[in-house]
Amino acid sequence: MVQARLPDDSFGLFMIDTGADISVLNRSTCERLGLEVEENWGIVEGLSGTTAMNRSVIPWIRLGEAIVTNIEVAVDLAGVRDEVAGMPFAGILGNNVWSHFTVEIDYPADTLALHRPGTVKVPKNFEMLIFDG
């Protein structure tokens, strides 16, 4: 999970999903941000099958000091709730966000660091995960 600052200057709690091509936003967060939603825009496919997709675009999110702009999101997908473990939940950040960075995840330390591509020296014992867009 990661917190991101949203265009209304609030924070949203997002799940990190490096297997998702597109990010997801729940309906209540979309409404709070005043985003236009294109209903029945298309179909999204996942491990559990296919489902109809409503679409919107978040103008920007801030992750630490980094800002990602014009993020296409699937809205109101089945299974994406407004709350997780009693905390407000905004959605899922997929590879249309993570592809802007070299993402460093240290599971034992429970940390995630974002680097501009080409700016991080990779340790010898790393494992590369490549996303080709």
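Trainee: What should I know before I start?

Mentor: Residues are numbered from 1 along each chain as its sequence is written, and side-chain values use heavy atoms, with hydrogens and water left out. The model is predicted, so local features need pLDDT of at least 70 and side-chain atom pairs count only at pLDDT 80 or more, while totals for chains, interfaces and linings use all residues.

Trainee: Let's begin with the inside. Which residues of the largest nonpolar core touch the most other members?

Mentor: The general idea is that a nonpolar core is a set of buried Ala, Val, Leu, Ile, Met, Phe, Trp, Tyr and Cys residues joined through side-chain atoms within 4.5 Å. Buried means under 20% relative accessible area, exposed means over 50%, and partly exposed is in between (1.4 Å probe, protein chains only). Here, the largest core has 22 residues, and F14, L25, I61, L63, L93 and V97 touch the most other members.

Trainee: Which helices and strands each supply at least two residues of this core?

Mentor: Helices (H or I, at least four residues) and strands (E, at least two) are DSSP runs, numbered from the N terminus. At least two core residues come from each of β1 (2-5), α1 (27-33), β5 (49-63), β6 (66-75) and α2 (95-98). The most come from β6, which gives 5 residues. Apart from this core lies another one, of 10 residues, including L13, V24, V80 and I92.

Trainee: What is L63 in contact with?

Mentor: Contact means heavy atoms within 4.5 Å. Setting aside neighbours within four places in sequence, L63 is in contact with V2, Q3, A4, L93, V97, W98, F101 and L114.

Trainee: Let me try threonines. Is T29 buried or exposed?

Mentor: T29 sits in helix α1 and counts as buried, at 4% relative accessibility. Not counting residues up to four places away in sequence, T29 touches L6, F89 and A90. For another case, take T69, which is found in strand β6 and counts as partly exposed at 47%. Leaving aside neighbours within four places in sequence, T69 has contacts with I58, P59 and W60. The C-alpha atoms of T69 and V2 are separated by 17 Å, with the two residues 67 apart along the chain.

Trainee: On to strands. How many bridges join β1 to strand β2?

Mentor: Two strands pair if DSSP finds at least two bridges between them. In this model, 4 bridges join β1 to β2 (residues 11-16), and these strands run antiparallel. R5 has F11 in β2 as its bridge partner. The hairpin of β1 and β2 has 5 residues between the strands, and there D9 takes a positive phi near 70°.

Trainee: In which sense do β2 and strand β9 pair, parallel or antiparallel?

Mentor: β2 and β9 (residues 91-93) pair in the parallel sense, over 3 bridges. I16 stands opposite L93 in β9.

Trainee: How many salt bridges does a search of the whole structure find?

Mentor: Side chains of opposite charge can pair when their charged atoms come close. The cut-off for a salt bridge is a side-chain nitrogen of Lys or Arg within 4 Å of a carboxyl oxygen of Asp or Glu. The search of the whole structure finds 6 salt bridges. One of them is between D9 and R5, at 3.1 Å from N to O. D9 is exposed, at 51%, whereas R5 is partly exposed, at 23%.

Trainee: Where in the chain are R27 and E39?

Mentor: R27 is in helix α1 and E39 in strand β4 (residues 38-46), so this pair links distant parts of the chain, 12 residues apart. Their closest N and O atoms are 3.0 Å apart. R27 is partly exposed at 21%, and E39 is partly exposed at 45%. R27, E39 and D76 are linked in a network of salt bridges.

Trainee: Which strands hold E38 and R55?

Mentor: E38 is in strand β4 and R55 in strand β5, 17 residues apart. Their side chains meet in a salt bridge at 2.6 Å, N to O. E38 counts as partly exposed at 31%, while R55 is buried at 18%.
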